[in-house]
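Reader: Could you walk me through this model before I set anything up? I would like to start with the charged side chains and then move on to packing and backbone.

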Amino acid sequence: MTPLFNHTTPEDILNLKETRIFIVGDIILDTYIEGRVSRISPEAPVPVVLESKRRAVPGGAANVAANIASMGARAVLCGRIGNDAEALVLKNVLENHNIETCALIVSQHIPTTTKMRIMSGNSSSGAQQIVRVDKESNEMISSTEEEKVIELFENFIENNQNICLILSDYGKGFLTKNLITRLIAISNAKNIPIVTDPKSEDVGRYANSTVIKPNLNEGKSVFKSQNPSANNKSFEEEVDAIADCYLKMSGCRNLVMSLSEHGVMTRGQDIEGTYRIASHALQVSDVSGAGDTLIAFIAMCLAAQFPLIRATELGNIAAGIVCGKLGTSTLSPSEFLSVFKDKSEATHPEKRLDINLLTLLAKDLKSQKRRSVFTNGCFDILHAGHVEYLQKARALGDLLIVGLNSDKSVQRLKGSSRPVQNENDRAKILASLACIDYVVIFDEDTPLEIILAIKPDVLVKGADYNFENTVGAKEVVSWGGSVEHIALVPGRSTTSIIQKAQLD
């Protein structure tokens, strides 16, 4: 069975934002040295890279945590780092991604796992990897360190709701079989969902996880170990056989298996039958980290009590978005919502936000250096003058946010006979316009609360206003924004349309 591509809603994003995820696993510091190659070394027949840029990003379990934190949810990362220079770099990277580092385990004799890639070219135009240098030790953590992890997790679950445990196993020695078993047992006793990303072929060590998520190659490896003389089958038959084998061998409740360009499939105790979901990658630049994104979204969705099939669908969509980016990547709430704009119904419910989500998105947009424009009005009967005004407003920045007076607000401003159309209908009509990115309804007489919350770069009103009587003008200028007044189309107004209709 294949589910439909459903639109997401602002409430979905808020529900994900309210989740709390504890990520246990192998943390990797991914570093990149980019530069230009113009000659061969006289010391050996190898290229000489003239360094132009050096960057560090979270890898392994840390990239899973980064995907969670980028959506505004709380990500607590528990893993091993060394007492070395790389650990300081890693901590700074994690903090910049708003990942909580209070549960890190510092080892005095094991180095921070680091992968250094030396690249010819740059990340924006594409780069060729010349060599990778790894620094790691796969020594298992001690029983004392295991006890510390258990203590940290038990403290975490005491004071949190809407939570999920992620086990992100990269085979670097942090997730011992004993630690996995104890964490899963504690979670099951507390009805906390567990999402596991396996690396070991001993998949029974992950038994009783709510969801286990291998990729197709990992699934094939386990299947072949149990069925070395299996006959060739069609792709669909092979996937079904792998899924059956993996579920049986792992003893997990459900399976979500990523199938590369074929999307994902899921089956298990919490759904009927098998669901296959096609890939939603808009364009593929790099599949690095797509599995981490899928894991992160499944965990947030389960913590928010979404059904497994919905969690898998949203995770697959999110993974498709990051495939369009170079290197291990995350995505923001605004990027996640934007993918639905060409897929959802004409009235675009994903454009209609409340003040809480709008504030979250505003911070997200500023971090992307996108110039936001804000205007407001009753927009009771949308006419050509409104449309031209809104199009001109949108041209002043990268996106347009419209504040819409609620029915109660319109009645106080215009009288008991107004509005002609209720706020829900007015919001639907505005959201259908391509020039409008987001609509927010407010009950107050003025939109000042919204303006202060989102801090737009440009505030727009009609030319019948001036700077002094434009609500929020002084505030917008105070943070470096601008105030623009747009000329209105003569003879176009809601009042005149109503009067003409009454005369007719």
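Reader: Which residues are linked in a network of salt bridges?

Author: This is a predicted model, and in it the network of salt bridges links D240, D244, R267 and R276.

Reader: How do D240 and R267 meet in there, and what is the N to O distance?

Author: Their side chains form a salt bridge with an N to O distance of 3.1 Å. The pair links distant parts of the chain, since D240 sits in helix α7, residues 235–250, while R267 sits in strand β13, residues 264–268, and the two are 27 residues apart.

Reader: Is R267 buried or exposed, and what about D240?

Author: R267 is buried, because its relative accessible area is 12% and the cut-off for buried is under 20%. D240, at 25% relative accessibility, counts as partly exposed.

Reader: What else is R267 in contact with, leaving aside its neighbours within four places in sequence?

Author: With those neighbours left aside, R267 is in contact with D240, A243, D244, L247, N254, L255, G273 and T274.

Reader: How many salt bridges does the structure hold?

Author: The structure holds 23 salt bridges. One of them joins the side chains of R253 and D270, with an N to O distance of 2.7 Å. R253 lies in the loop between α7 and β12 (254–258), and D270 lies in the loop between β13 and β14 (274–277), so this pair ties together parts that are 17 residues apart in sequence. As for accessibility, R253 counts as partly exposed at 36%, and D270 counts as partly exposed at 38%.

Reader: And D197 with K199, what is the N to O distance there?

Author: The side chains of D197 and K199 meet in a salt bridge at 3.9 Å, N to O. D197 is buried, with a relative accessible area of 6%, whereas K199 is partly exposed, with a relative accessible area of 36%.

Reader: Switching to helix packing, at what angle do the axes of α6 and α7 cross?

Author: The axes of helix α6, residues 216–226, and α7 cross at roughly 75° and come within 9 Å. That angle makes α6 roughly perpendicular to α7.

Reader: Which residues meet there, and what is the make-up of the contact by class?

Author: From α6 the residues are L216, E218, G219, K220, V222, F223 and Q226, and they meet F235, E238, V239, A241, I242, C245, Y246 and M249 in α7. By class, the contact has ten nonpolar, two polar and three charged residues.

Reader: Which residues have a positive phi although they are not glycine?

Author: N162 is one of them, with a phi of about 55°, and K455 is another, with a phi of about 50°. N162 is found in the loop between α4 (143–158) and β9 (163–168), and this residue is partly exposed, with a relative accessible area of 33%. K455 lies in the loop between α15 (448–454) and β19 (458–462), and is likewise partly exposed, with a relative accessible area of 37%.

Reader: What does S372 touch, not counting residues up to four places away in sequence?

Author: Apart from those residues, S372 touches L399, K455, P456, D457 and V458, so K455 from the previous answer comes up again here. The place of S372 is in strand β16, residues 372–377, and at 7% relative accessibility S372 counts as buried.

Reader: Last topic, the overall picture. How many helices and strands does the protein have, and what share of its residues is buried?

Author: The protein has 17 helices and 20 strands, and buried residues make up 50% of its 504 residues. Among contacts between residues at least 6 apart in sequence, 72% join residues at least 24 apart.

Note on methods
Residues are numbered from 1 along each chain as its sequence is written. This is a predicted model: local features need pLDDT of at least 70, side-chain atom pairs count only at pLDDT 80 or more; totals for chains, interfaces and linings use all residues. Side-chain values use heavy atoms; hydrogens and water are left out. A salt bridge is a side-chain nitrogen of Lys or Arg within 4 Å of a carboxyl oxygen of Asp or Glu. Buried means under 20% relative accessible area, exposed over 50%, partly exposed in between (1.4 Å probe, protein chains only). Helices (H or I, at least four residues) and strands (E, at least two) are DSSP runs, numbered from the N terminus. Axes are lines fitted to C-alpha atoms, for helices over the stretch in contact, and angles run from 0 to 180 degrees between N-to-C directions. Angles under 35 degrees count as roughly parallel, over 145 as roughly antiparallel, 65 to 115 as roughly perpendicular and the rest as oblique. Contact means heavy atoms within 4.5 Å. Ala, Val, Leu, Ile, Met, Phe, Trp, Tyr, Cys and Pro count as nonpolar, Asp, Glu, Lys and Arg as charged, and the others, Gly among them, as polar.
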